[in-house]
Amino acid sequence: MNIFHLYKSKKYLGRIIVSFSILILLLLALFSSALYYNSEKIVLDMQREANKKVLSQIKFNVTYLNDVIQKLVTSLYYDNDVIPLMTATDNSDVFEMLRKRSRIDKFADYTPFIHSIIIYNANTDQFVWGGDPVLQDRDAPIYAALREMFKAGKPIPKLKMLPMSLDGQEGGKADFFSIFNYDSIVYQPGQSAFILNIKPQWLFDNIKLINQLAWEENENVFIMSDDGSVITPDTDTPELTGDFRQAIMDRIDAATRADDGSGAFNYSISDKKKIVNYLNTGINGWTLVSIQPYETLVKKAESLKNTSIVLTLIFVLLSLLTILGVSHRLYRPLGKLVSFIRGDAGGEAETEPPGGDELTYMSSVYEQTIQRLKAARSEQHTTRSIVRSYYIRKIVTDSQALSREQLLEWIQQHKLAMNPAGPYMLSVMKLDGSTDSANSGDEKERSLLHFAIANIAQEMLSRTYLCEAVEMKSEHLVAVISTRDEAELTETGVRGVMSQIQDAIARMYRVKFSAALGEVIADYAPLHDQYLGCLQLLRYKLVYGGQSILVPSMIKENASQTEASLPPELEKKLMESMKSLQPEAFRKTLDRIFEYISTLNYDYMVYMALHVFILMKNGIKEMNDNRIVPVTIQMSDIDRKIMDSDSLEGMKNILLDVYREINVNKKNPEQERNEILVETVKAVIEQNYSDISLSLQKIGDVMKLSPDYIGKLFKKQLGIAVSEYINEVRLRQAVLYLEEDNYTINELIDKIGFGTRSNFFRLFKNKYGTTPKDYRIKNSLSVDK
């Protein structure tokens, strides 16, 4: 019960134990299952591989022997003692022949793996032998068999081992291996031949030894020729059954066609399964064959299965004990840490794990700690950034009063990307756009844009140079550029990078900025002068427009101009083209004027643009002095627009807009005459509204024009009839009398020209919604209040 309570209070420890246990059990189950179900296949594959290795070793021995024997046969065939024996005739020296035969006999006796040497002399049809005494009898069966082979004309393999028995039979039981050699490629009857007989014991003894070791498992290894016969020195070797022999030969043929020469298969004989391995030796069509009962492997597989089950159970018990020990050791640091946090929470975190899960509790405490740490780091980073920006501004603005020791100290202390030894270049950057629009924009957004430009500029310049970028207090940025050891600081190089920065900012933020570059200076002291010079230089973006990169050489001519006055001929052409309303001439003259302004000192540029505007105002005044209906143009804020414009091109467009407005507002003669006529009618009505007989007819008589013409023109211009306008003027005057004078209603009617009292009351009430008397009373009450 105490153990259950222990693991219940330490849920994470329990999870570790359960997780490890499940993992180990799953792995053991998978491994044991795979081993159990594949044990038979594993044992079979291992046995086949072992059999293949044994057969490969035997093949190596056979191949090695074959090579040695072929070389030996070739050597002996051309020996000086052998050649006379093969070519001797009946008249040859008998004693010499006996001496040579004696040498061959000794050679065969002294060579351990040679059984005997037989020389067939076709001239005498006799055999000369050496070696094993069993061949002393000239009537031995082997000689008869050989003589029959030589005379029968059958193919006799050259330099190949043929199994031979002493009774003269080929194949089957082999008392020795015979190797034939003769002159021609294919043996022809009547040719002499050299025959070397090799003892088979070295090979068969090896096979016998393997079979004796393996007979405990009923395994047998033997050599099979290409006709299916078993080559063996024993007479009691059991013959293979016909089907089994044919199955082996079919597999050997298939492997030979596939250029493999080796393989293995299972075969059943009388319900007894056999494992067969075979390997082609590549010599005389011989194949090494290994046969093994399948039940032997089954016993091994069953033994392996039982062993794996026992080992698995033992390993499970040991694993569970190990898991308990390892889990407790792994949990110990975590348990100590949880206990420490519980005791040191200080009210800022939960003192107990939620749901008893220690890891969740630790994660919660860690998250709270990280949040507080991030807040502290953010505050520290902000403070550090502010301090760095302050010192960069100090270097720029107070460079002349700054000692080299102070500069080195600030660079090292605040890790500034500046080379104390120089050289330096200063760049001032400012967002394009008028001052008012910049000031009226979102302060936070503009600050973010400045931050982005400073970071991107510093990053891109730092790829080649050392650079520190900082926002100044007057709406612009400053970049202090110094050289690295391997880079050269040049105006061309910095301009190229600055152009890339402008493109990047325009692409990412859809805003543009202009930059002014100072000259390359060798020391830090002139940085302040360079800063002031860049500010002056930046003002000349008025000439070059937005997103420009300005350098001192671009304004050298402008800076040399100390006075300015607009050429009189340009003033004259401007006034003439404006008064005569010649748009193309006016535009060309204005282009020449602003081309001249672009060569001036900045201090005179805005002044000269305003001067042009004043000339245009004077021109408009002169035009209106000679016109009955003046040209009306709203020009109260034109001067402010000119001063706020950030380019000469913008100023020129403002003046062109003024000129276009003049063209739009200037009316044609007929329209002007009509307006004059209407204004005259209105003036007549204003002066004679008190005349009770005032009418359209009377106005026509006064103006000597047709009443119908006047009435149609007046209604077309103002939208009301002349009679309606007369009543409007009289009612407007009646209101003034009601508000300011003490006339009676009848007196008022007479003074404003209404013929009848009822007509006046009806029109007054329709317009103002009340009677004249009530209107006067309400007005008096409102005045008293």
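This is a predicted model: local features need pLDDT of at least 70, side-chain atom pairs count only at pLDDT 80 or more; totals for chains, interfaces and linings use all residues.

**Labels and their cut-offs**

Trainee: Why is Lys704 called exposed?

Mentor: Lys704 has a relative accessibility of 73%. Exposed means over 50% relative accessible area, buried means under 20%, and partly exposed covers the values in between (1.4 Å probe, protein chains only).

Mentor: Residues are numbered from 1 along each chain as its sequence is written, and side-chain values use heavy atoms, leaving out hydrogens and water.

Trainee: Where is Lys704, and what is noted about its phi?

Mentor: Lys704 sits in the loop between helix H23 (696-703) and helix H24 (707-718). Helices (H or I, at least four residues) and strands (E, at least two) are DSSP runs, numbered from the N terminus. The phi of Lys704 is near 60°, a positive value in a residue other than glycine. Asp125, in the loop between strand E1 (114-121) and strand E2 (126-131), also has a positive phi, near 55°.

Trainee: What makes His414 a buried residue?

Mentor: His414 has a relative accessible area of 12%, which is under the 20% limit, so His414 is buried. His414 is found in the loop between helix H10 (404-413) and E11. Not counting residues up to four places away in sequence, His414 touches Val387, Arg388 and Tyr391, where contact means heavy atoms within 4.5 Å.

Trainee: How do you know that His476 and Tyr531 make a polar contact?

Mentor: Their side chains are joined at 2.8 Å. A polar contact is a pair of N or O atoms within 3.5 Å; within protein, one must be able to donate a hydrogen and the other to accept it, and residues adjacent in sequence count only if both atoms are side-chain atoms. So the 2.8 Å pair of His476 and Tyr531 falls within the limit. His476 lies in the loop between E12 and E13, and at 4% relative accessibility His476 counts as buried. Leaving aside neighbours within four places in sequence, the contacts of His476 include Val428, Glu471 and Leu535.

Trainee: What makes E11 and E13 a strand pair?

Mentor: Strands pair if DSSP finds at least two bridges between them. Six bridges join strand E11 (residues 424-431) to strand E13 (residues 477-482), so they qualify as a pair, and they run antiparallel. Met425 stands opposite Ile481 in E13. Both strands belong to an open sheet of five strands, in the order E12-E13-E11-E14-E15, with mixed pairing. Strand E12 (466-471) and strand E15 (549-550) are its edge strands, each pairing on one side only.

Trainee: In the sheet E7-E6-E10-E9-E8, why is one side of E7 and of E8 left without a neighbour?

Mentor: Strand E7 (230-231) and strand E8 (262-269) each have a single partner strand, so one side of each has no neighbour in the sheet. This open sheet of five strands has antiparallel pairing. Seven bridges join strand E9 (residues 272-280) to strand E10 (residues 287-293), and Tyr278 has Val289 in E10 as its bridge partner.

Trainee: Why are H17 and H18 described as roughly antiparallel?

Mentor: Helix H17 (residues 568-579) and helix H18 (residues 583-597) pack at about 155°, with axes 9 Å apart. Axes are lines fitted to C-alpha atoms, for helices over the stretch in contact, and angles run from 0 to 180 degrees between N-to-C directions. Under 35 degrees counts as roughly parallel, over 145 as roughly antiparallel, 65 to 115 as roughly perpendicular and the rest as oblique. About 155° is over 145, so H17 is roughly antiparallel to H18. Residues making the contact include Leu570 and Leu574 of H17 and Phe586 and Ile593 of H18.
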